[in-house]
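Student: Please take me through one part of this model closely. I would like to see how the ligand is held and what lies around it.

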Amino acid sequence: MISENVSLKPFNTFGIDVKATRFATFASPEELGQILKDNKNKPLLILGGGSNLLLTKDFDGLVLKNEIKGIEVISETADEVLIRSGAGEVWHEFVLYCISKNYCGIENLSLIPGSVGASPMQNIGAYGVEIKDVFDKLEAVEIATGEIHTFDNETCEFGYRESIFKHAVKNQYVITNVYFKLSKTQNTNTSYGAINQQLEVMGIGNPTIKDVSDAVIAIRSSKLPNPKEIGNAGSFFKNPVIEHAHYQEILKNYPNAPSYPVGEQHVKVPAGWLIETAGWKGKVVGETGVHKNQALVLVNYGDATGKEIYQLSTDIIEDINQKFKILLTREVNIL
Ligand code: FAD
Ligand code: EPU
């Protein structure tokens, strides 16, 4: 059923109150196919959990919320399982399901908001793991033709917060099912960030995947705002990659500037550090702000508009460019 003139406020984690001319949900590829036929050549927005979106204006078109459910083991060997999830499953619930079955590989991605279907869009990542590490393939309906196409790991062209769905085939497909290859051997990855430290605090020496998930949840909860309490979409910007010579220049003024090596010639500098060092952390501008515990997260304290949050992001980009000669790019999808 298609509803008209619907507020999108409950459907985006920034809590931005814009309207969609028309709104509907779909629970199967067949139902989606029928809706697409009736909506041919008209503006369309596919929505998962709305946790990586900044809505800056009303959407004059059809918003379609993905509710394709179902988790199924397709095949397994002694060591590995191929598992399929409907794109409308909630990502974190899928992670918890896999942990309960002892399927390993996505426990470091615990508590990332949103849907399974959006996970390949920006190759979600956290704590040393990206979905490309366990991704097998996905099925997607081509909007123009209604045909179902399969994309394997290589055709998705995954990169850091990137995939083909943000570039060459942007807005051309609706992802309906995602397949993951997970290990049945407990092989935890705790080397990244504060995971080991957190496990120590929890008194755990030989962690299971459930322990790693609990540690990641504890770290995330301590610094990232819960969108149910403060509107946000996680990291607003990507961490920039700069040349080594440029980094050496920054070190002259900031000897403790953090970085991670990227190949021989480049380093990644945490955007959170750049934004904090430039004095933005905890800043409040009207109803918008930069979160007090994580400078990479822009927030809506109440009734901010998408345009106001976008303006704050522009001001930050300009200031960082002026101070560090680094042009930050937005990670969040702007509409
Ligand atoms: P939406 O916001 O609904 O959509 C995002 C984009 O994908 C839109 O362009 C939409 O049109 C498109 N899209 C959605 N579903 C489909 C589909 N089925 N087919 C085709 N296109 C589709 N991300 C990380 O990578 N790592 C993190 O650690 C992380 N932490 C976060 C923490 C917080 C507190 C928040 C709020 C966000 C965080 N994010 C993180 C960002 C976000 O959770 C992910 O990008 C997530 O995958 C978005 O899923 P979604 O279903 O909410 O997508
Ligand atoms: N930092 C600061 N000040 C801050 C925040 C960060 O100085 O306010 C510096 C510190 O040096 C810190 C470093 O940045 O050690 C890294 O911070 P953190 O571990 O919080 O990670 P991040 O680089 O800010 C990235 C992802 C997150 C992901 C975490 C954990 C991007 C754009 N963001 O954040 O993803 O959860 O690592 O792996 O790559 C998201 O994409 O929405 C997201 C939340």
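Tutor: Start with a term. A polar contact is a pair of N or O atoms within 3.5 Å. Keep in mind that this model is predicted.

Now take Arg 220. An N or O atom in its side chain is 2.8 Å from a nitrogen atom of ligand 1. A polar backbone atom of Gly 125 lies 2.8 Å from a nitrogen atom of ligand 1. At Ile 46, a backbone N or O atom is 2.6 Å from an oxygen atom of the ligand. On its own, ligand 1 has 970 Å² of accessible area, and the protein covers 93% of that.

Next, look at the shell. There are 32 residues around ligand 1. Among those that come nearest are Ser 51, Ser 115 and Gly 49. Sorted by class, the shell has 16 nonpolar, 14 polar and two charged residues. Strands E3 (44–47), E8 (125–126), E12 (173–183) and E13 (231–235) each supply at least two residues of this shell.

Glu 139 stands opposite Asn 177 of E12.

Notes
Residues numbered from 1 in each chain as written. Chains lettered and ligands numbered in written order. Predicted model: local features only at pLDDT ≥ 70, side-chain atom pairs only at ≥ 80, totals over all residues. Heavy atoms only, no water. Near = heavy atom within 4 Å. Polar contact = N/O pair within 3.5 Å; in protein donor to acceptor, adjacent residues only side chain to side chain. Areas by Shrake-Rupley, 256 points an atom, 1.4 Å probe, with all protein chains shown as cover. Helix = DSSP H or I, 4+ residues; strand = E, 2+ residues; numbered from the N terminus. Nonpolar A, V, L, I, M, F, W, Y, C, P; charged D, E, K, R; others polar. Pairing = 2+ DSSP bridges.
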